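This report describes selected features of one protein model. Please keep the sequence and the structure in view while reading.

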Amino acid sequence: MNAIFRNSSATLAISLALIAMPAFAQEQAGTETTDDDFHRTGEIVVTAPYFERLDLLAGTSALSGEDLAQQARGQIGETLLSLPGVSATSFSPGASRPVLRGFQGSRVAVLTDGIGNIDASNTSADHAVTIDPLTTERIEVLRGPAVLLFGGQAVGGAVNAIDKRIPRKVPDEAVHIDAQFDYSTAAKEYAGGASIDVPMGDRFVFHLDGSHRKSKDLRIGGYLLAPALRQEALDVAAEEQALGNLDEAVNARDWANFRGRLPNSAVKTTSLGAGAAFIDDGGNLGISFNLYDTQYGIAERPDFVEPVGGEVSIDLRQYRFDLRGEVELGEGLFDKIRIRAGYADYVHKELEGPDVGTTFFSKAIETRLELTQNNRGGWRGASGLQYQTRDFEAVGDEAFLPPTRSNQIGLFTLQEFSLGNLDAEVSVRFDHARLEAQSLATVRNFDNFSAAFGLGYTIGDIKIGTNISRTGRAPSVEELYSDGPHVATQSYEVGDPLLRSERSWNGEIYARYDSTRFDATATLYANRFSNFIYENATGAIVDDLPEFEYLQRKARVWGIEAEASANIGSFGGFDVLLDGVADFTRATIKGEGPAPRIPPLRLLGGLELQSDNFELRGEVEWADSQKRIADFETTTGGFTMVSASATWRPFGRDKNISLTASADNIFDVEARRAASFTKDFVALAGRDFRLTARLSF
């Protein structure tokens, strides 16, 4: 493995804290506040305000406080499902990445405190995201022109996880402790996480955190196999019976009739972190280190003649170092200079039983340097430089990728203007990417220019507006150079070394209403790709595995998102809140038909009773069936899941102690995500009772 500390530049902190929202409602209050660790005020919290509100023209959603605690799951993809426009890859309980507006993989940027997560989750659906929600303070879904701060590839948007490993303030207490503990029945899962912040004088803070999660095989609702695959198993059983192959016939029937449990889906995850910061009126500087270690099973793609079970698993470990700092520059043109950097050493082993099949090694660094501007008559902004480099290597008999080195440098600026009721954003970004496959003696260079423009106009409690962008994305190493069997995804993957940059025009129009007792937003979006890159099944079987190849075509994507929340009155000392979310995406590849793995229409609604000491909530999620599918893709059945929860705060809202009991999928329905590669043999959790205890003092 080659060293990667070459030409690395320093960077800037994008630690964003945007919107704390009760029960899916997007708040837009203009007051800045320092919300505590476990409670939400409904006001915007800005920890790195290089502009006043990142949600000025973007449809921004967030989870924090009790909302995040109640919805936190082992993987961030499953954690964010209550937000509009969000689905998940749901590859397995141990690996699930967010899907935004139907986009996944490299088109969705997953960030830790404003820079890349520096793992391999964007390269393949079987790779876990190395973020543990148990030690995360807030998770944001970002869209609009400001997303170009994080890269031109984030067509679907960006997911930003905010942790406290590099402290942002000196605690008032001698020792500040946050903790959360969970138990759930569907996977017999035990999980716990805690953090400690200790002030060392007036300007220094030391931080420690850790979490551990352990679960058994997941309990599911209904059959293991989707209906079409189950019928195929029954047909195989009949054929083997007719041929006199009785053992094979029994195995096929076992596959068809297996229900109630997802074999080989146990997960064990541990994370540890430490950090320290110097905080002063003139600026701050901090560092942190963390370890993420996880082992999880991979569900088996059935061949029917073998017994039900599974031997493929993942053993993943990442070491990560981070740096964040800023210096106040006074009252001139520039307000602050910020630096943000991260380095990660990542190892990912794919195991077949006790034997290592393939090992992936990745060493990468990402840095950002930004200058933020003072507000001058409604004009403000940020400009900067971003640099990324990665050495990647796959070793083993089934290594389907050659050793590669990738480097990318980006220059960007975001400018915001406000004049009366009119708001405007302009962002521009240039990226140069260099991808080298060393063993193939091949080097590809890509230059991409991205730009975005947005306008919004406020009329009383209503805001209407539009965003337009032109973006470019270099193909990933996996899209270019894959060629071979990938045991974890149980597919034969074929890249195309001649792929060009993926470019698209993107637009959206939105309307928002924000009043004391009612909030609502609706967005219509569309994307037009000239060189859309996608992984598609060919129908061929190579090395006993289904073949998937990366292709490039023109494509069209459009969809809608909507959410609303209303305080409809009071009852017996409780405020009564009603909220809902709706989203829909339609994607078409020119000359081919529907794009693969697109989420269907989804509706999510809840009724909530709130008081200082108690909170009661009932919720229904309905997903339509997905019958608009690509060649060799199977349909996905619709489902309706009902959930309920009760939260008790024994000392009121201000004492930061709560206990939540919840029941998810109460009627134990069979449910699958259309965006998942493994949907036909990986169902979602069945009936699940969960206890969550949280405290802060």
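## A pair of helices

Helix H3 (residues 227-243) packs against helix H4 (residues 246-257) at an angle of about 165°, and their axes lie 8 Å apart. H3 and H4 are therefore roughly antiparallel to each other, a term used for angles over 145 degrees. Their crossing is left-handed. Residues in contact (heavy atoms within 4.5 Å) include Arg230, Ala233 and Leu234 of H3 and Leu246, Glu248 and Trp255 of H4. By class, this contact of H3 with H4 has 9 nonpolar, 2 polar and 4 charged residues.

## Basis of the model

The model is predicted; local features need pLDDT of at least 70 and side-chain atom pairs count only at pLDDT 80 or more, whereas totals for chains, interfaces and linings use all residues. Residues are numbered from 1 along each chain as its sequence is written, and side-chain values use heavy atoms, leaving out hydrogens and water.

## Nonpolar cores

A nonpolar core is a set of buried Ala, Val, Leu, Ile, Met, Phe, Trp, Tyr and Cys residues joined through side-chain atoms within 4.5 Å. In the largest one, of 27 residues, Leu80 and Val159 touch the most other members. Strands E4 (108-112) and E7 (157-162) are among the elements that give two or more residues to this core.

A second, separate core has 19 residues, including Leu218 and Ala252.

Thr647 lies in strand E32 (residues 639-648). Thr647 is buried (under 20% relative accessible area), with a value of 3%. Although Thr647 and Gln70 are 577 residues apart in sequence, their C-alpha atoms are 9.4 Å apart in space.

Technical notes:
Axes are lines fitted to C-alpha atoms, for helices over the stretch in contact, and angles run from 0 to 180 degrees between N-to-C directions. Helices (H or I, at least four residues) and strands (E, at least two) are DSSP runs, numbered from the N terminus. Angles under 35 degrees count as roughly parallel, over 145 as roughly antiparallel, 65 to 115 as roughly perpendicular and the rest as oblique. A crossing is left-handed if the near helix is turned anticlockwise from the far one by less than a right angle, and right-handed if clockwise. Ala, Val, Leu, Ile, Met, Phe, Trp, Tyr, Cys and Pro count as nonpolar, Asp, Glu, Lys and Arg as charged, and the others, Gly among them, as polar. Buried means under 20% relative accessible area, exposed over 50%, partly exposed in between (1.4 Å probe, protein chains only).
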